[in-house]
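Open the structure in your viewer and have the selection tool ready. The stops below go one at a time.

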Amino acid sequence: MKKLSMCILALGLIFASSCENEENSTELQNLENQEEITATQRKCYSAEMLEKQLSENPEMAKKLVEIEEKSRNFSENDLKAPNGTIGIPVIVHVIYRTNRQNISNAQIQSQIDVLNKDFTATNSDVSQVPNEFAGRVANANFRFTLQQVTRKQSSRRSWGTRNRMKFASRGGVDAIDPSRNLNIWVCNIGGGILGYAQFPGGNPATDGVVVSPQYFGDRGFVSAPFDEGRTATHEVGHWLNLRHIWGDGNCSRDDFVSDTPVSSAPNYGCPRYPTVRCGSNDMTMNYMDYVDDRCMYMFSNGQKNRMRALFSSGGARESFL
Ligand code: ARG
Ligand code: ZN
Ligand code: CA
């Protein structure tokens, strides 16, 4: 317990340092003028948000330690996973200013379809996984079903990363029963940010995922090279407790998953194989790296266990069962 607490504490520091070069205040000022710009670099807002919540709420650290212990026992003792498919009802909140931001139902459904493929390893590009990692490809066995779409027009040009879109009182839309639904807000975040997620264990009112409309789904108003719906796959990975594959730090930082190789930094674009870091080949094609949509196509078995541990008895997302 002690050791694990330290570990979580260290995590907070890791996240703080990995994000410290991103000036938050100027970021938010710039947001106002940047509508629908094309993202060139991924940023770590999910990690940043976790750090912020940890500093504001000391109780949350305790919760995270509990979740971490559960995940550990689960993977180490191979505790019984909930058998078979885990169903995740999804509610999509579209908050738009321009017509094209008011994305079509077809575009929304295309995102649900991508999630269902990626979380069952039935995506067609999974065949590109190199031999070295082929045995680690996981069918995580989650099934996403679109439950409801809400739509709201707003004059706001960009929403930032401070959860404003999640509250009707701030011009957004309230989450709908987050203990039983994955809430996804689709609105222009701004600042070149594709999306961000809240890790398990946070405030239920802000639980869920946010994605900018031009990176949501794989048809309609989408923008290359993030036009294959993998932003939501990545963010839902965070929502299911996955860390970035490089552990948001140097070679000694961990993502708490044993079958993902250690790495020291994110990969961008479409890296060739092999990409060597920390003395091993990076799993650059993992959804939890920062590569382009067409170059990420797998979760690992260890990541699958970590995600599904949340649904074991007493787990942070057990209420979905
Ligand atoms: N949180 C990351 C960002 O906003 C998401 C990266 C997703 N990567 C992708 N290829 N779609 O930049
Ligand atoms: Zn991320
Ligand atoms: Ca690892």
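Which residues have the most contacts inside the largest nonpolar core? In this predicted model, select V90, I184, V186, C187, V209, V210 and V211, which hold that place in a core of 68 residues. Strand β1 gives the most to this core, with seven residues. As a rule, nonpolar side chains in soluble globular proteins tend to be buried together.

Stay with V209 and show what surrounds it. Apart from neighbours within four places in sequence, V209 is in contact with I184, G195, A197, A232, E235, V236 and W239.

Next, select helix α5, residues 105-118. Its 14 residues reach 20 Å from the first C-alpha to the last, close to the 20 Å expected at 1.5 Å a residue. Colour Q107, I108, S110, Q111, I112, V114, L115 and D118, which are buried in α5. These buried residues pack against β1 (86-96), β2 (142-153) and α7 (230-239).

The axes of α5 and α7 come within 9 Å and cross at roughly 60°, which makes α5 oblique to α7. The crossing is right-handed. Where the two helices meet, α5 brings Q111, V114, L115 and D118, while α7 brings A232, T233 and V236. Two of these, A232 and V236, are also in contact with V209.

For the last stop, go to N163, in the loop between β2 and β3 (182-186). Is N163 buried or exposed? It is buried, because 21 other C-beta atoms lie within 10 Å. Then select I189 as well: N163 and I189 are 26 residues apart in sequence and 9.9 Å apart in space, C-alpha to C-alpha.

Technical notes. Residues numbered from 1 in each chain as written. Chains lettered and ligands numbered in written order. Predicted model: local features only at pLDDT ≥ 70, side-chain atom pairs only at ≥ 80, totals over all residues. Helix = DSSP H or I, 4+ residues; strand = E, 2+ residues; numbered from the N terminus. Expected span 1.5 Å × (residues − 1). Buried ≥ 20, exposed ≤ 12 C-beta atoms within 10 Å, placed from the backbone. Contact = placed C-beta atoms within 7 Å. Core = buried A, V, L, I, M, F, W, Y, C linked by C-beta atoms within 7 Å. Axes fitted to C-alpha atoms, helices over the stretch in contact; angles between N-to-C directions. Parallel < 35°, antiparallel > 145°, perpendicular 65-115°, else oblique. Left-handed = near helix turned anticlockwise from the far one by under 90°.
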